[in-house]
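Please open the model in your viewer and keep the selection panel at hand. The stops below are meant to be followed in order.

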Amino acid sequence: MADPRFFQRAGPFLLQRLAECGDAKLANPADGARRIADVQSLEAAGPEDIAYAEGKRVAPLLAACRAGAVLLPPDLVTAAPPGCAILSSATPALAFARIAGLFYAEPAVEPGIHPSATVAADAKLGADVSIAPGAVIGGGAEIGAGTRIGPHAVIEAGVVIGRDGRIGAHCSISHAVIGDRILLAPGVSIGQPGFGLVAGPEGLLRRPQLGRVVIGNDVEIGANSAIDRGAAGDTVISDGCKIDNLVHIGHNVRLGRSCIIAGQVGMSGSCVLGDYAQLGGQVGLSDHVTLGRDTRVMAQSGVLRDVEPGGAVGGTPAVPIRQHHRQVAILARLAKRKGD
Amino acid sequence: MADPRFFQRAGPFLLQRLAECGDAKLANPADGARRIADVQSLEAAGPEDIAYAEGKRVAPLLAACRAGAVLLPPDLVTAAPPGCAILSSATPALAFARIAGLFYAEPAVEPGIHPSATVAADAKLGADVSIAPGAVIGGGAEIGAGTRIGPHAVIEAGVVIGRDGRIGAHCSISHAVIGDRILLAPGVSIGQPGFGLVAGPEGLLRRPQLGRVVIGNDVEIGANSAIDRGAAGDTVISDGCKIDNLVHIGHNVRLGRSCIIAGQVGMSGSCVLGDYAQLGGQVGLSDHVTLGRDTRVMAQSGVLRDVEPGGAVGGTPAVPIRQHHRQVAILARLAKRKGD
Amino acid sequence: MADPRFFQRAGPFLLQRLAECGDAKLANPADGARRIADVQSLEAAGPEDIAYAEGKRVAPLLAACRAGAVLLPPDLVTAAPPGCAILSSATPALAFARIAGLFYAEPAVEPGIHPSATVAADAKLGADVSIAPGAVIGGGAEIGAGTRIGPHAVIEAGVVIGRDGRIGAHCSISHAVIGDRILLAPGVSIGQPGFGLVAGPEGLLRRPQLGRVVIGNDVEIGANSAIDRGAAGDTVISDGCKIDNLVHIGHNVRLGRSCIIAGQVGMSGSCVLGDYAQLGGQVGLSDHVTLGRDTRVMAQSGVLRDVEPGGAVGGTPAVPIRQHHRQVAILARLAKRKGD
């Protein structure tokens, strides 16, 4: 499936092993002895590949599939073609992700400090850290065991990063305390002063920005995103948050656990997101907006007011999603009445 | 208040000194001899801290506050609890910002050129410049006295930067002439060719981009923002402009003095902004739009036409703000009439 | 025209030579012996400069112009002032771009590897490549002849880049195969894993992202843009695409030939754009949206559904452009009826 210039494949594996890895059940236990060499999409899979399928519409594709094995939800197992080994799972996509991770493990970090890196004498490096060419580690910074600092990444003085993290090329981190297994794509900027201005007689003055960025465990942040430090108190990204590319997070924003933030979202200062909140791409939040737990915000919406837990909103200014759909529909109808 | 891993605190100071620093007036001159050790938020301040308060709604918080001293506008001085020293100021936020700056001064620049930097032989470096690890300074570039070039920042040939600037990590600057006290967060890109295309028989051709970026004094630009150089003539950012993260400024845009540009704003080619214009987050401007002095644009608006001085607009396409609010209201009402 | 600190000018040239370069016709062949020293705008041009004009509205400017020579479409040649040599062209802007390119050629690349670069022993470098300070070239990467890798750019293992490319400072490229004459502004990030998440019992899991980014010839990408690699299969940017600053392109997006993508556009996963599609600034596309050949999308629109070839859409959710304009008009009218 994957270009060997970029990905190393393990295996082949017996199907039994894959079933265990994906916590899936073999429809016919005798198939457990089949050898599977790769993961593939349903369309492209051949007799040595495993694929997965979900949803009613996939039935025709599934019927035509030539995969050696396929992961299916219980209601689809009868739609698989003969000769294709079936692994039944309530969550085939999750099972497939785990099996793909078995074939294509993340490359191991090669411990060591590249001679072109600049590491302060009093930086504290855990066991087996990897410091790539040109990386800069400031005074008193702490890098946890097994973490990789990418090429030219800059970790300013005092920053703390936990274990097994991956800091991409050209990331810049200051004024931050970060948990374990952080994953930063290239170009992420964390900890710069927030956009807090006061008008004075000689022009605009920036208030001293005296807070930090505090990031939990298992957080992922996409390329060229920017997270400002707090003005007073901290900007907080809680455990398990996943943030896409080019996202802007202002000072003193607080994200609960496992929030999903799509690309190019912008959050003004002091917004609060409850656990599991999900923001679509290009959403904007006014400052001091609070979104309750499990909030959903449609892409491109502009949220000016707080949203209750479990609320779903859309549009600019954002309104409850059903109202938004009605507004869209009524406007379309009015325009048609007048139209050609 | 601030984590000592990242911030160095001066003081303590006598309250009299803080009153002078913030140009505020002690309600009781005898309090001038109190010692104050830190700045804090109103909620968190203790007997050795100074805080500030503004606005009617803050009265209950203020009544409960335990701060040693508090900066207040004249109409709030009676709301402060007994035992709390009062500094009266017409602009408490500004006074607080100045006092915070006394406790937490920007760290001084350590002059010198890191051995891993690459500095052209004919670059002109002022007194006490600081060139961080990996920085690259091209031929003929001029760096003013006291300016710090951050880690891996790239200053291309011929670029001029004034005094006492701070260029963040991974900034890239070409074709630019920049004033004093510039503050660039990490990852800012200045001077790349603009997006000026001409269709030709073999496909799209980029017109040669022969202008520069000219930036005044006291300008601040947020992380990962991008400012294109002019196509013919210059892109201009005047004195005192404050620009947030991830902002896109196209070729030949001209910003007047002290404009405030919030995060993720995008300006197409040849826009003109008068002095003190303010754009909310994620605003977009069509090319060749002119916004008069003191214009206000609501967040997420899309401006297709010129705006008169002092105008306030909102929505996409942007209309005068009162009309925008009416449009929002009438659409909501129409949708409700039909709704459940 | 251009600041000599940043641009080197060739010439002067005889007008005859410029006419050939721009494929334009001298109205009076005797003017071919005039010497022209520079390109200029119509307003600023003097007797030694060449300028160009297009469009009806330019007539007054043209009448007052002092240029030595001017490129004009046939319908404007009678509007030029006496004494100004006329070059007639059906495409004056294109002719001017070519002539400007003659005066101001892109600076030649100085071949060689800077001693501070880190180049893997098994990287394959073509003839006359230029590797700037701090650049990092990973194992097995291939850099075509005449390509320049900018300061601190990071080319990860296995990446292939064609001939005569220009990779800006701080670019980061992994999992990618790139054609000839690529032009990347600074800070572009290509090949990071896409935002494909699966919910699992311990939280959100990222599906292994096993595809690549495949980029054709003559592609240009603006500063700080981010292009994710495919999840399974590739993200594809076809020949001649021009992409502006701060654009986000998700996993498995496929762009046809010569698409024009303005600043801050965001494309969710698996979008497909036909040849010559054009997206205005800050447009957002939902995942799996297909835009036909020659589609036009207005700035700031949000496209939720497929668009037919040649379609033009606007608004959020995007509708056909005429309907969008009617919707805007009717809403304005309704608001006025109620208003002051």
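The tour goes from the chains to a contact between two of them, then to a sheet and a single residue.

Before selecting anything, note that this is a predicted model, in which local features need pLDDT of at least 70 and side-chain atom pairs count only at pLDDT 80 or more, while totals for chains, interfaces and linings use all residues. Residues are numbered from 1 along each chain as its sequence is written, and chains are lettered from A and ligands numbered from 1 in the order in which they are written.

**The chains.** The copies use different surfaces, since 16% of the contact residues of chain C recur in chain B.

**Where chain C meets chain B.** Keep these two chains in view and look at their contact, where 49 residues of chain C are in contact with 45 residues of chain B, two residues being in contact if their C-beta atoms, placed from the backbone, lie within 7 Å. On the side of chain C that touches chain B, the elements that give two or more residues are helix H3 (92-103) and helix H4 (321-338) of chain C; helices here are DSSP runs (H or I) of at least four residues, and strands are runs (E) of at least two, numbered from the N terminus. H4(C) gives the most to this side, with 6 residues.

**A sheet in chain B.** Next, select the open sheet of 5 strands in chain B, which has the order E2-E7-E6-E5-E4 and mixed pairing; two strands pair if DSSP finds at least two bridges between them. Strand E6 (residues 69-72) and strand E7 (residues 85-88) of chain B pair in the parallel sense over 4 bridges, and Ala69(B) has Ala85(B) in E7(B) as its bridge partner.

**A single residue.** Finally, select Gly200(B), which is in strand E22 (residues 197-200) of chain B. Which residues does Gly200(B) touch, not counting those up to four places away in sequence? They are Leu205(B) and Leu94(C).
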